[in-house]
Amino acid sequence: IHGTSGTTGRPTAFGFGADDWERIGEAHARILWSAGLRPGDRIIISAVFSAYVGSWATLLGAQRLGAQCFPFGAGAPGQTERTVEWATLVKPTVFYGTPSFALYLGATARRLGVDPRRDLGIRIMVFSGEPGASIPSTRKEIEEAFNAHVVDQGSMAEMTPWATNSGCRHLQRGMHLWQDIVYTEL
């Protein structure tokens, strides 16, 4: 179930078929490539693996590009501490999650005596699910906490392939609109 209908107030639902997952994986591979992810990168996916499509889509796209994927999730008690511990061991080069979780992860790392800039090895951070990565002050705080390039992405949850707009490794502000995936109306 995903929200309610604006006209009836009844719950609405959606499902995915194999062709949807194919399109989702392809779109995310393109977006992650534009962010700078390459074969051989190690990506930690620190977002909830549930009905939230962003986590699954990032996993599919990163696998398609030949990255080493660690679908770690988020939200369980004690999991942030385990994320810090685990990240110091495997040194992920790319992080995917929400901006608020990244800030919490950085604070947790510092509380545990881990310097996120030096000890985690993250060079690119890709975000969706919240607007924070496009808010200049939040973006700067994340970049300074991790010494990493921040890329925001997103779309509307009601359509696939989920991410239809994204920043890239060259943009400091704004996003590309992938017009061959979804037509954008302003």
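Colleague: Before we start, when do rings of Phe, Tyr and Trp count as a pair?
Modeller: Rings of Phe, Tyr and Trp, the last taken by its six-membered ring, pair if their centres lie within 6.5 Å, and planes over 60 degrees apart make the pair edge-to-face. Please keep in mind that this is a predicted model.

Colleague: Fine, and which residues do ring pairs link into a cluster?
Modeller: The cluster consists of Phe70, Phe72 and Trp86, which are linked by ring pairs.

Colleague: How many aromatic pairs turn up in the whole structure?
Modeller: The search of the whole structure gives 5 aromatic pairs. One of them joins Phe49 and Trp56, whose ring centres are 4.8 Å apart and whose planes stand at 85°, so this pair is edge-to-face.

Colleague: Which residue lies over the face of Trp33?
Modeller: That is Arg38, which lies over the face of Trp33 at 3.5 Å from the ring centre.

Colleague: Let's step back: how many helices and strands does the chain have?
Modeller: The protein chain has 6 helices and 7 strands, and along the sequence they follow the pattern α-β-α-β-α-β-α-α-β-α-β-β-β. Of its 186 residues, 48% count as buried. Among the contacts with a separation of 6 or more, 66% come from residues 24 or more positions apart.

Colleague: You mentioned α3, so how do the axes of α3 and α4 cross?
Modeller: The axes of α3 and helix α4 (residues 99–111) come within 9 Å and cross at roughly 70°, and α3 and α4 are therefore roughly perpendicular to each other.

Colleague: Which residues make that contact?
Modeller: On the α3 side the contact is made by Thr80, Glu81, Thr83 and Val84, and on the α4 side by Phe101, Tyr104, Leu105, Thr108, Ala109 and Arg111.

Colleague: New topic: where is Thr138 found, and what does Thr138 touch?
Modeller: Thr138 is found in helix α6 (residues 136–146). Leaving aside residues up to four places away in sequence, Thr138 touches Pro99, Leu103 and Gly132.

Colleague: Why does Thr138 count as buried?
Modeller: Thr138 has a relative accessibility of 17%, and buried means under 20% relative accessible area, so Thr138 falls on the buried side of that cut-off.

Colleague: Last one: what is the phi of Lys91?
Modeller: Most residues other than glycine have a negative phi. Lys91, although not a glycine, has a positive phi of about 50°. Lys91 sits in the loop between α3 and β3 (94–97) and, at 33% relative accessibility, counts as partly exposed.

Colleague: And what about phi of Asn147?
Modeller: Asn147 also has a positive phi, near 55°, in a residue other than glycine. Its place is in the loop between α6 and β5 (149–154), and Asn147 counts as partly exposed at 49% relative accessibility.

Note on methods:
Residues numbered from 1 in each chain as written. Predicted model: local features only at pLDDT ≥ 70, side-chain atom pairs only at ≥ 80, totals over all residues. Heavy atoms only, no water. Helix = DSSP H or I, 4+ residues; strand = E, 2+ residues; numbered from the N terminus. Buried < 20%, exposed > 50% of the residue type's maximum accessible area, 1.4 Å probe, protein only. Contact = heavy atoms within 4.5 Å. Phe/Tyr/Trp six-rings, centres within 6.5 Å; stacked < 30°, edge-to-face > 60°. Lys NZ or Arg CZ within 6 Å of the ring centre and 35° of its normal. Axes fitted to C-alpha atoms, helices over the stretch in contact; angles between N-to-C directions. Parallel < 35°, antiparallel > 145°, perpendicular 65-115°, else oblique.
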